[in-house]
Every structure is written in C-alpha cells, then in structure tokens.
Amino acid sequence: MAIIQATDTDFQEVLKNNERVVVKYFADWCGNCRLFSPKFKRMAANEEFANVAFLDVNAETSPEARKLAGVTNLPFFAVFKNGELVEGAATSKEDYVTEMVRKIA
C-alpha cells in the first residue's frame, strides 16, 4: 500500500476512513526522518500490515495533527485505532516502530 501524504486539512478524515493508522511525523530539515523513509515504505509494503494505512505528516506544516499525537521530537511515530491514539514515540528504531504497528494490526 502506498504511503498517504496527509496534512491538517485531511488528517481527521483519513483517521475516520481507516480503522488502523500509523503516522510518521517528519520535517524537511530532519536527517533521521529522511533516513527512515525507505524503512517506512518497506513496512507499508509488508503483507502483515495490509490492513494498516501508513501516513507521512510534515510536523512543521500540520500543527493540529502534531498536537493529536503529542509529538515531542522527530521523527515521531504514532499509531491510531478507530481514530484514537494508541501509542506515540520519538524513535529511529525500525524494530520499535514495527512493534507499535503490530499492536494495532
């Protein structure tokens, strides 16, 4: 599944239309965010997570979406189920993010 580019404009709608959502919050200046992008794409393509929507949200241009997850640092990952935040973490560790996604998959 392709990664959805979401903003404050459509973030709530994407949460409403997808039961399970994982969000990567990033900023253009964040090197670790860029380094995680191929890992995030690989996770989105993983059959195990076929029922999960993967979102990229620019934390600098989407303050409302950022507030919903309580973003503290970048990259920041958040998992939502039925529109509710399940877990959020500032991490660059692929294993940790995978475990977060498994909690909602």
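Here are some questions and answers about a predicted model, from its disulfide to its aromatic rings.

Q: What makes C30 and C33 a disulfide?
A: Their sulfur atoms sit 2.2 Å apart, and the cut-off is within 2.5 Å, so the pair qualifies. A search of the whole structure turns up one disulfide. The link of C30 and C33 is right-handed, with 80° about the S-S bond.

Q: Why is C30 called buried?
A: Buried means under 20% relative accessible area. C30 comes in at 5%, so it counts as buried.

Q: And how do you know whether C33 is buried or exposed?
A: Use the same cut-off of under 20%. C33 has a relative accessible area of 2%, so C33 is buried too.

Q: Which helices pack at an angle of about 35°?
A: That's helix α2 (residues 31-45) and helix α4 (residues 94-104), with their axes 11 Å apart. The crossing of α2 past α4 is right-handed.

Q: Which residues of α2 and α4 meet?
A: On the α2 side they are F36, K39, R42 and M43, and on the α4 side E94, V97, T98 and V101. Sorted by class, this contact has four nonpolar, one polar and three charged residues.

Q: How many aromatic pairs are there?
A: The count comes to six.

Q: Why is the pair of F40 and F54 called edge-to-face?
A: First, the ring centres: they are 5.2 Å apart, and the limit is within 6.5 Å, so this is a pair.

Q: What makes F40 and F54 buried?
A: F40 has a relative accessible area of 0%, and F54 also has 0%. Buried means under 20%, so both residues meet the definition.

Q: What is the pair of F49 and F54 called, and why?
A: It is called tilted. The centres are 6.4 Å apart, which is within 6.5 Å, so the rings pair. The angle between the planes is 50°; stacked needs under 30 and edge-to-face needs over 60, so tilted is what remains.

Q: Is F49 buried or exposed, and how do you know?
A: F49 has a relative accessible area of 1%, so it is buried, the cut-off being under 20%.

Q: Which residues do ring pairs link into a cluster?
A: The cluster is made of F36, F40, F49, F54 and F77.

Terms used
Residues are numbered from 1 along each chain as its sequence is written. This is a predicted model: local features need pLDDT of at least 70, side-chain atom pairs count only at pLDDT 80 or more; totals for chains, interfaces and linings use all residues. Side-chain values use heavy atoms; hydrogens and water are left out. Buried means under 20% relative accessible area, exposed over 50%, partly exposed in between (1.4 Å probe, protein chains only). Axes are lines fitted to C-alpha atoms, for helices over the stretch in contact, and angles run from 0 to 180 degrees between N-to-C directions. Helices (H or I, at least four residues) and strands (E, at least two) are DSSP runs, numbered from the N terminus. A crossing is left-handed if the near helix is turned anticlockwise from the far one by less than a right angle, and right-handed if clockwise. Contact means heavy atoms within 4.5 Å. Ala, Val, Leu, Ile, Met, Phe, Trp, Tyr, Cys and Pro count as nonpolar, Asp, Glu, Lys and Arg as charged, and the others, Gly among them, as polar.
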